[in-house]
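Here is a short report on one protein model. It covers pockets, salt bridges, a surface patch and some backbone details.

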Amino acid sequence: MKRVVSISLGSSKRDHQVEAEFLGEKFRIERIGTDGDTERMINLIRELDGQVDAFGLGGMDLYIRVGARRYLLRDAAKIVRAARLTPMVDGGGLKDTLERRVIAYLAREGILDFQGKRVLVVSAVDRFGMAEALDAAGADLICGDLIFGLGIPVPIRSLARFQRVAYLAAPLVRLLPFKLLYPTGKEQEKIDNRYQRYYEDAEIIAGDFLFIRRYLPPELPGKIIITNTVTSADIEELRRRGIKTLITTTPEFNGRSFGTNVMEGVLLTLSGKKPEDVTPEDYNRLLDRLEFKPRIVNLN
């Protein structure tokens, strides 16, 4: 049996494991949270290195991605170096392929008409493929990177403007401590309502779930959320807040959807290649065979 383990900087309360079969291969998929403890992450990676088929880097990104450019995050690089035998992926390969496909699928099948819809992407550097696909689908795109990532309450109201800002900021942002950019450990359990007006102004909210949840207003009736990793408790929380529809880009396993880093670990294992040798075309061919469909849950 193949084994893929996500070592996450996030809360251990979200840990989960499941067995599943993909293209005739049986997999054991696990998520282990370290409550914001980077040293524990490094120790777990060293302990499991060579014993599992792939690691997922959870709760943080390895790169900031803007267009064809990638900027290595300094904090993530320290953690990834602990894996010497087992390949590690951060989900970026699936964000650039699966999530583009999901937006195209939703539009093509008439599930969502993005044309002219106000879509808030909470972090476009984390979801550049999704942001680009939304822009191509005609969405009125709002990138929240300055607001939610850096605490600067300035929405970026087009993909072209976002790219200009990101090209200037990314070389400096990559050097910042990751905990300043993204909620880790117990910070993931806190909710801050400072920026709720941006949620209320949008018709669709998209991006990383923990980023979305961090600033989620007490009530958000009629909104649509497009995200990834959610538990059954997350779904009930969204229902209570009046969210109309939840769409997850990764499939459901035993009541929850895993992160893109875990699912990319599965696809990497199926490919039989090293991370540096896998292309978007490789992932797209595997996705064609797997026939993943987004999970759509009508909550209210």
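How do the residues of the lining of the largest pocket divide into nonpolar, polar and charged? They divide into 16 nonpolar, seven polar and 13 charged. Here Ala, Val, Leu, Ile, Met, Phe, Trp, Tyr, Cys and Pro count as nonpolar, Asp, Glu, Lys and Arg as charged, and the others, Gly among them, as polar.

This is a predicted model: local features need pLDDT of at least 70, side-chain atom pairs count only at pLDDT 80 or more, and totals for chains, interfaces and linings use all residues. Residues are numbered from 1 along each chain as its sequence is written, and side-chain values use heavy atoms, with hydrogens and water left out.

## Pockets

The largest pocket holds about 810 Å³ of space. It has 36 lining residues, and the closest to its centre are Tyr-63, Arg-65, Arg-70, Glu-264 and Pro-275. Two or more lining residues come from each of strand E5 (63–66), strand E6 (69–72), strand E7 (88–89), helix H3 (92–95), H5 and helix H12 (280–290). Helices (H or I, at least four residues) and strands (E, at least two) are DSSP runs, numbered from the N terminus.

The second largest pocket holds about 230 Å³. Of its 12 lining residues, Leu-9, Thr-38, Asp-75, Ile-79 and Phe-178 are the closest to its centre. Helix H1 (38–48) and helix H2 (74–80) each supply at least two residues of this lining. By class, the lining has five nonpolar, three polar and four charged residues.

A pocket is defined on a 1 Å grid over the protein atoms alone: it is an open set of points where a 1.4 Å probe fits, with protein on both sides within 12 Å along at least five of seven lines. Lining residues have an atom within 4 Å of a point. Grid points are joined across faces, edges and corners, and a volume is the space filled by probe spheres set on the points.

## Salt bridges

The structure holds 22 salt bridges (a side-chain nitrogen of Lys or Arg within 4 Å of a carboxyl oxygen of Asp or Glu).

Asp-234 is buried, at 5% relative accessible area. Arg-14 is buried too, at 11%. Buried means under 20% relative accessible area, exposed over 50%, and partly exposed in between (1.4 Å probe, protein chains only).

Asp-15 sits in the loop between E1 and E2 and Arg-31 in strand E3 (residues 25–33), so this pair ties together parts 16 residues apart in sequence. Asp-15 is partly exposed at 33%, whereas Arg-31 is buried at 9%.

Glu-203 lies in the loop between helix H8 (196–201) and strand E10 (204–206), and Arg-118 in strand E8 (residues 118–121), so their bridge joins parts 85 residues apart in sequence. Glu-203 is partly exposed at 28%. Arg-118 is partly exposed at 31%. Elsewhere, salt bridges that share partners join Asp-61, Lys-95, Glu-99, Asp-126 and Arg-127 into one network.

## Helix H5 and backbone details

Which residues of helix H5 (residues 128–136) are buried? Phe-128, Gly-129, Met-130, Ala-131, Ala-133 and Leu-134 are. Gly-138 follows H5 and has a positive phi, near 90 degrees.

Leu-23 lies in the loop between E2 and E3 and is partly exposed at 33%. Asp-35 lies in the loop between E3 and H1 and is partly exposed at 38%.
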